[in-house]
Amino acid sequence: MATGAVQFPPSNIVLPGSRLLPTAPFPDTHSTPSSFPPPSASPRSITDDWVSLFNNLLSGEHASITKLFFKESCWRDLLCMTWDFHTLQGPEQILRFIQSSPQGGQLTSVSLDDSSAHKFPQASGFGSLKAVQTFLKIETSTGRGDGLVRLVSDTNDGGRWKALTLFTTLKELKGYEENIRSRRPRGTESSLEDRGRNWKDRLVTQQNFEGGRQPIVLILGAGQGGLTVAARLKQLGLETLIIDRNPRIGDNWRNRYHQLVLHDSVWYDHMPYLNFPPNWPVFTPKDKLADWFEYYAGVLELNVWTNTTLETSEWSESTRQWTVTLAREKDGKKENRNSFFLNRIQLNNKSIGTLHPRHVILATGHSGEPYFPSRIAGIDDFRGDLLIHSSQFTTPRGKSKGKKAVVVGCCNSGHDIARDYYDHGYDVTMVQRSSTLVLTSDTLSEVTMKGLYAEDGPPVEDADIVNMSIPNPIAKRLHIQATSEMMRRDSTLLHGLTAAGFAVDSGPDGAGLYMKYLSRGGGYYIDVGASQLIVDKKIKIKQGHDVKSIKARSLVLADGSELEADEIVFATGYQNMRETARKVFGDELAESVHDVWGFDDEGETRGMWRRSGHPGFWFFGGNLALCRFYSRLLALQIKAIEVLSSSGMTDLHEPFHLVSLTYIYKVPHVYPPNADWNSTGWNQWEFNEELQYISHGYMAAAYLGLAAGSHARDNAHNFAVFAFCIYHIELQCLGTFQSDVKRRRDLPFESALSPKAVERIRQGKSDPRRDLTKNTDRGIRSLSQVFWLRTTWKVEESVLRALEMLMLLELCSGR
């Protein structure tokens with residue numbers, strides 16, 4: 001390998017509507033002191049100080065923002081502050097994010113995660129900087145999460161330690177944790193209705209959706225995307241059905257070209273809940289992966305219908321659910337099981353039936369439909385042996401010595417197919433229309449994954465936190481440095497490719513493979529042997545020209561040159577996943593959803609793993625590592641929507657923060673803490689219906705962020721009593737009340753209720769109309785000030801009586 005500086009041109013092609021991701025600068029600070037960290041501080045004390053200051057920021061001490069972040073800092077948040085993905089750059093954006101988040105922000109506190117040694121605060125390199133890296137535990141009003149912060153010393157601010165990167169991601173919802181480990185099923189569950197059925201009998205009933213049961217989520221595609229998100233949804237208790245048009249699970253890989261082997265390592269490719277065994281090969285053969293998918297679905301008891309296609313679909317805005325018609329074959333024969341569908345007919349040896357899921361996930365692959373240039377002039381005149389897209393290619397034919405094959409396209413599939421042709425004795429030419437990024441698999445593993453996704457690395461979920469914690473604009477800077485080093489190591493091979501006429505690039509602004517993948521979904525080759533064949537000119541290259549036309553046994557390029565061909569394979573990639581949605585669900589849906597892949601204005605991936613732009617419809621895809629990580633986040637979004645929907649609220653078209661409904665539904669009564677108001681401690685009250693609503697009000701106060709700061713107890717108890725009053729009152733002007741709550745929710749209460757008001761409520765003698773309009777007690781007066789209660793409160797039979805507390809929560813959540 002050569003050791004000198006190596007430079008190759010960038011490739012800044014982006015998808016339509018996307019943007020070229022900017023490269024984040026590093027702060028202008030000297031963070032390489034003679035001893036690091038300095039003798040006066042340990043990584044633990046440095047992190048403790050920062051965490052304490054950050055929690056103060058969350059509590060409202062906004063002046064501390066410049067003590068916490070550089071102007072170049074980035075905070076990446078996945079579902080902890082809002083129900084979306086965000087990357088914020090600089091103190092001003094971060095502070096606006098905190099202040100503008102619903103109810104002042106869902107994240108309530110962070111703390112050090114000291115559950116294992118590799119999570120402890122420790123000095124580490126970060127690009128050209130030295131940093132203190134620490135795993136964090138995240139607490140939100142609705143759940144718990146993981147985080148990671150990298151602190152760098154700001155020598156321009158007295159050596160103060162500030163976060164260069166902060167990462168927060170939701171892991172679970174309180175009261176709706178995954179059914180794993182200590183929550184795993186016992187395996188002995190049975191009931192009188194089982195009538196002697198065993199586990200296998202119950203599993204068949206579940207997987208066939210017998211008894212009129214309906215899936216909450218329908219997933220199209222049983223590849224890594226569909227299987228991983230279905231596994232997550234199952235552990236959250238959501239009925240899910242996967243459908244796939246292939247006869248067997250794994251056929252989407254099994255049917256690919258014969259020599260296909262994954263180009264990512266085994267340590268990077270583990271799936272949720274079930275790692276590959278320790279004897280698994282470093283690079284997985286496609287048939288082995290296909291069999292693993294089949295095994296995975298069986299072990300995790302996923303509901304998968306193969307030989308099944310979606311025939312029609314319709315979304316109802318009023319019921320917030322889909323009506324989908326599925327066609328299912330079984331063993332190529334007519335399916336006679338009436339239990340498969342509630343409404344079912346037989347047609348052309350297929351079982352046709354209707355289901356009503358509330359969510360549909362399109363998981364047919366992040367790249368969508370094959371891109372095949374069918375409009376090329378003369379394509380119907382070809383008289384050779386084969387003209388197909390690479391997705392249809394399996395293996396070269398036998399007795400082929402001397403035959404000529406042309407492969408159009410020079411990314412992973414194109415190289416693998418060209419090598420397969422060469423191994424079978426073909427005369428092979430690759431048509432390279434634009435430049436390609438090439439890196440060897442060993443160099444890629446050594447430079448970017450060593451110590452992280454490796455035999456001696458941390459558990460894969462912790463490796464994911466480290467990897468995903470780097471916001472994309474900063475990751476781009478790091479990848480520029482890493483790509484330069486990888487190209488230096490591979491320079492002999494790369495210069496050999498260039499000499500052979502093969503155009504090599506270094507990715508977007510020189511940021512390499514990963515950024516090129518996220519920017520456009522392709523344009524690279526991880527070399528596992530084909531590149532040397534090109535260097536040795538055993539595989540020929542025709543570079544820089546697109547295909548103009550096809551003749552009976554040749555292919556004509558734009559420069560007029562002609563390549564003889566017995567077989568032509570177009571390894572030309574795939575269309576945007578949005579076009580798959582158009583094909584399956586129609587133009588109306590396709591026009592309503594966001595573009596998929598590429599970067600949005602904040603540097604997050606567009607349209608994938610998050611709200612698509614159409615209610616109840618989601619895109620999901622990516623390589624095994626991305627599916628492993630983002631499957632949890634998509635499942636949590638759907639679970640959050642379902643929790644609110646089941647509690648009387650409508651589906652969240654614009655989801656806001658969940659109230660921790662575990663306190664309301666899982667625990668029958670939650671007493672507010674001892675308040676010692678004239679010896680009327682609330683924790684001593686006997687439980688009754690009124691107190692239950694008071695406790696609901698207390699939780700609502702905490703939800704709104706009112707139970708914080710110096711007014712914590714007063715705020716919470718005032719809101720609790722206010723909730724009790726709402727329970728007994730009719731509202732005539734809901735719209736006015738809602739707008740007032742939205743506008744004034746951030747004001748503090750001035751004081752607690754008077755002992756007289758508390759005593760009236762305790763004795764069940766409270767008159768809400770008097771307390772809210774005539775009472776001069778300071779607590780009620782402060783309530784009026786906070787909520788700006790201009791609404792006229794009247795008792796009318798035409799107005800719904802006994803407004804439920806959940807309606808109050810719905811109003812206050814910004815719905």
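Q: Which kind of unit do strand 8, helix 5 and strand 9 make?
A: Helices (H or I, at least four residues) and strands (E, at least two) are DSSP runs, numbered from the N terminus. A crossover is right-handed if, with the strands pointing away from the viewer, the path from the first strand over the helix to the second runs clockwise. Here, strand 8, helix 5 (residues 224–235) and strand 9 form a right-handed β-α-β unit.

Q: Before we go on, what sort of model is this?
A: This is a predicted model, where local features need pLDDT of at least 70, side-chain atom pairs count only at pLDDT 80 or more, and totals for chains, interfaces and linings use all residues. Residues are numbered from 1 along each chain as its sequence is written, and side-chain values use heavy atoms, leaving out hydrogens and water.

Q: In which sense do strand 8 and strand 9 pair?
A: Two strands pair if DSSP finds at least two bridges between them. Strand 8 pairs with strand 9 (residues 240–243) in the parallel sense, over four bridges, and Ile219 stands opposite Ile242 there. Strand 8 also pairs with strand 15 (residues 359–362), parallel again and over four bridges; in strand 15, Ile361 is opposite Ile219.

Q: Are the residues of strand 8 buried or exposed?
A: Buried means under 20% relative accessible area, exposed over 50%, partly exposed in between (1.4 Å probe, protein chains only). In strand 8 (residues 217–220), Val217 and Ile219 point one way, Leu218 and Leu220 the other way, and all are buried.

Q: How many helices and strands does the protein chain have?
A: Count 25 helices and 26 strands. Of its 815 residues, 56% are buried.
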